[in-house]
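Please open the structure in a viewer and keep the selection tool at hand.

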Amino acid sequence: MLTHSLKLRKPLAVIDLETTGVNITKDRIVELCIAKAKLDGTVEVKTKLINPGVPIPPETSMIHGIYDEDVKDAPTFKQIGKSLAQFLEGCDLAGFNSNRFDVPMLVEEFLRIDVDFDTKNRKLIDAQRIFHLMEPRTLSAAYKFYCLKDLEGAHSAEVDTLATLEVLCSQVNKYDGVKLKNDKGEEYEPVKNDMDVLHQLTSANIIDFAQRMTLNNKGEVLFNFGKHNGKSVKQVLKQEPQYYDWIINGDFPLDTKRKLTEIKLKMMLEK
């Protein structure tokens, strides 16, 4: 039986996806693996092939080894979405580069099939952020560094998922109590065996997963792209309301549109 050493307040679902490509809005999941680290120290693993409903580009198949023939009889995401959401209910989420790719892609797939999968009350733990902060490199390198083993079978969802969980456990064991100095020369301990602390370290400034918006040090939401880069979202929406329509009707992830709409609705209620 697989086990873990993390101190959890709720289950932690470590996720890895294999997809048709890296475009959050256009590409689709072809395989997913979830390693659910439970409060009792055990780990439950679910791995599924998924029919994306579109051809898998040959150059992508050469990376992860999954071809159209492999998924032609697999269920679609729509067919498994509700049961998957139930499996993830009450879980914090983790992965390797998961804040930029795996979680946004998963959220986008749920939104496409109208399954309510909210991340507001979930802690988001990205092992890559911890790795790059403490030992600037890839999952294979992280596995070699932290677990002292070569990663055999990289780019298989299950291999990558279980490696990420092992890396995260090793990171916490290695860095819990290790002090760094901030830009003011003050000592602090960035890594603790505490999901609240790891969420704050790896995910605190996330507004939308595509990171078209971000938080400044005052807690204000700013646009993070384009002509309004660095400007307050609220101020832009007040001064140029058509900018909202441009984003809503444009080629932006559904998650970005949803988060922007939430800000606009909150502004309307504050009037």
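Begin by selecting isoleucine 263, which touches Met213, Val221, Val233 and Lys234, leaving aside residues up to four places away in sequence; contact here means heavy atoms within 4.5 Å. The model is a predicted one, in which local features need pLDDT of at least 70 and side-chain atom pairs count only at pLDDT 80 or more, while totals for chains, interfaces and linings use all residues. Residues are numbered from 1 along each chain as its sequence is written, and side-chain values use heavy atoms, with hydrogens and water left out.

Isoleucine 263 belongs to helix α11 (residues 254-270); helices (H or I, at least four residues) and strands (E, at least two) are DSSP runs numbered from the N terminus. Is isoleucine 263 buried or exposed? With a relative accessible area of 14%, isoleucine 263 is buried, since buried means under 20% relative accessible area, exposed over 50% and partly exposed in between (1.4 Å probe, protein chains only).

Next, select glutamine 211, in the loop between α8 and β8 (213-215). Glutamine 211 has 23% relative accessibility and therefore counts as partly exposed. Its contacts, not counting residues up to four places away in sequence, are Arg100 and Asn224.

Now display α5 and α8 together. These helices pack at an angle of about 75 degrees, and their axes are 9 Å apart; axes are lines fitted to C-alpha atoms, for helices over the stretch in contact, and angles run from 0 to 180 degrees between N-to-C directions. Helix α5 is therefore roughly perpendicular to α8, the term for angles of 65 to 115 degrees. Show Arg129, Ile130 and Leu133 of α5 with Leu198, Leu201 and Thr202 of α8, which make the contact.

Finally, turn to the largest nonpolar core, which has 30 residues; Leu6, Leu12, Tyr146, Leu168 and Leu198 touch the most other members. Such a core is a set of buried Ala, Val, Leu, Ile, Met, Phe, Trp, Tyr and Cys residues joined through side-chain atoms within 4.5 Å. The largest share of this core, seven residues, comes from α7. A second, separate core of 27 residues includes Phe77, Ile80, Leu88 and Val115.

Methods:
Angles under 35 degrees count as roughly parallel, over 145 as roughly antiparallel, 65 to 115 as roughly perpendicular and the rest as oblique.
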